[in-house]
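Subject: Structure for your files

Dear colleague,

Here is the structure I said I would pass on. My notes on it follow below.

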Amino acid sequence: MTDRLAELSAAGVAVWLDDLSRVRLQTGSLAKLLNEQHVAGVTTNPSIFASALADASAYDDQLKDLAAQGVTVEEAVRLLTSYDVRWAAEVLRPQYDATDGVDGRVSIEVDPRSAHLTEKTQAEAKTLWWLVDRPNVYIKIPATKAGLPAITATLAEGISVNVTLIFSLERYKAVMDAFLAGIEQAKANGHDLSKIGSVASFFVSRVDTEIDKRLDKIGSDEAKALKGKAAVANAQLAYQAYEEVFATDRWKTLAAAGALPQRPLWASTGTKNPAYKDTIYVEELIAPGVVNTMPEAVIRAYEDHGDTRGDTVTGSYGTAQKVMDDVAAIGVDLEDVFKVLEDEGVQKFEASWSELLEDVKKSLEAAAKGASNPSDAAK
């Protein structure tokens with residue numbers, strides 16, 4: 001039987017799971033994915049945690065303890081989520097050790113309500129780093145304009161960073177510059193550069209969703225012929241930019257001092273349009289040294305029928321540029337597309353965070369009521 005995920009890994013793609021929950025940890029589901037599906041890392045976000053806490057009784061005991069302590073809702077959320085991330089980091093630690101810190105990483109995100117507040121983002125990144133207290137953790141920071149200096153400052157402290165919500169080439173180049181500046185400062189601060197990891201999460205499927213909507217509105221045959229092409233093209237051009245930046249003398253100086261490159265990470269790789277193949281955002285973005293973080297459904301789909309054709313990125317830059325040029329020429333305002341996607345991304349995570357806070361608030365109240373009225377709780 002063909003091991004398609006092994007083939008994908010051998011082609012240079014690190015397979016990461018875009019999901020985490022207490023149930024997944026308790027049942028050994030995560031460990032099984034590592035052992036059987038070649039998963040080498042985990043990413044989380046506010047939406048993932050909101051889903052995990054909304055449906056699971058697995059958090060009840062910890063919620064009772066937190067209610068008894070009288071912690072605030074925000075403290076409870078951080079203690080609940082950091083517990084899961086710390087546990088996942090332990091599960092992934094063998095991968096981290098075996099790859100000298102390249103894989104075996106788990107991400108936890110700063111409060112999305114701080115996305116446009118540099119100093120608050122920096123402070124929370126440091127707090128999460130010591131709260132989880134595992135070397136194989138990434139602190140996720142959004143690639144907003146306010147997030148860029150926070151990324152540099154966080155890396156300068158020796159803290160590993162997953163930069164999230166990147167949509168445009170322009171912003172991606174700014175992210176790589178922020179990374180290089182942070183590693184340069186970390187070096188000046190005396191940190192061991194070989195221990196500092198970073199990935200840059202470049203979002204994929206949402207680009208097609210937004211651009212396809214605009215192409216449908218234009219409505220011409222030429223516009224419709226471009227549907228489903230922009231997201232892959234945009235990501236392929238991002239890899240070209242990555243290759244250029246990490247071939248510079250500036251990077252070579254840092255690499256000689258032990259620094260690890262900031263790997264491109266393809267995020268939002270679940271297909272939103274059922275007309276598109278469910279593994280398209282994996283198959284068309286195979287290149288050396290990338291991460292593809294997938295929902296379990298996409299991992300299973302690739303395991304079943306994914307097609308690993310070798311490098312599908314580096315020979316495609318000319319075609320990719322033409323796709324983006326054609327999309328712009330037909331009347332799609334790409335600058336506006338990327339602004340809308342970033343704004344929506346922040347708003348979606350803020351909404352999920354608010355949902356998470358509300359669910360935890362209700363759970364704490366129920367736990368406190370149960371503790372004060374044990375006879376009622378038993379009925």
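Which residue is the bridge partner of Ile 139 in E5? The partner is Val 161. Likewise, Pro 142 has Thr 164 in E5 as its bridge partner.

Before the rest, the basis: this is a predicted model, in which local features need pLDDT of at least 70 and side-chain atom pairs count only at pLDDT 80 or more, while totals for chains, interfaces and linings use all residues. Residues are numbered from 1 along each chain as its sequence is written, and side-chain values use heavy atoms, with hydrogens and water left out. Helices (H or I, at least four residues) and strands (E, at least two) are DSSP runs, numbered from the N terminus.

Barrel

Strand E4 (residues 137–142) and strand E5 (residues 161–166) run parallel and are joined by 4 bridges; two strands pair if DSSP finds at least two bridges between them. H6 packs on the sheet and touches strand E2 (39–43), strand E3 (105–109) and E4, its direction making about 160 degrees with that of E3. Contact means heavy atoms within 4.5 Å; axes are lines fitted to C-alpha atoms, for helices over the stretch in contact, and angles run from 0 to 180 degrees between N-to-C directions. Helix H9 (residues 169–188) also packs on the sheet, where it touches E5, strand E6 (198–203) and strand E7 (263–267), at about 175 degrees to the direction of E6. In all, 8 strands close into a barrel in the order E1-E2-E3-E4-E5-E6-E7-E8, with parallel pairing. From one strand to the next the twist averages 30 degrees.

Helix H6

Just after H6, Asp 100 has a positive phi of about 55 degrees.

Helix H5 (residues 60–69) packs with H6 at an angle of about 145 degrees, their axes 11 Å apart. Gln 62, Leu 63 and Leu 66 in H5 meet Ala 76, Leu 79, Leu 80 and Tyr 83 in H6.

Regards
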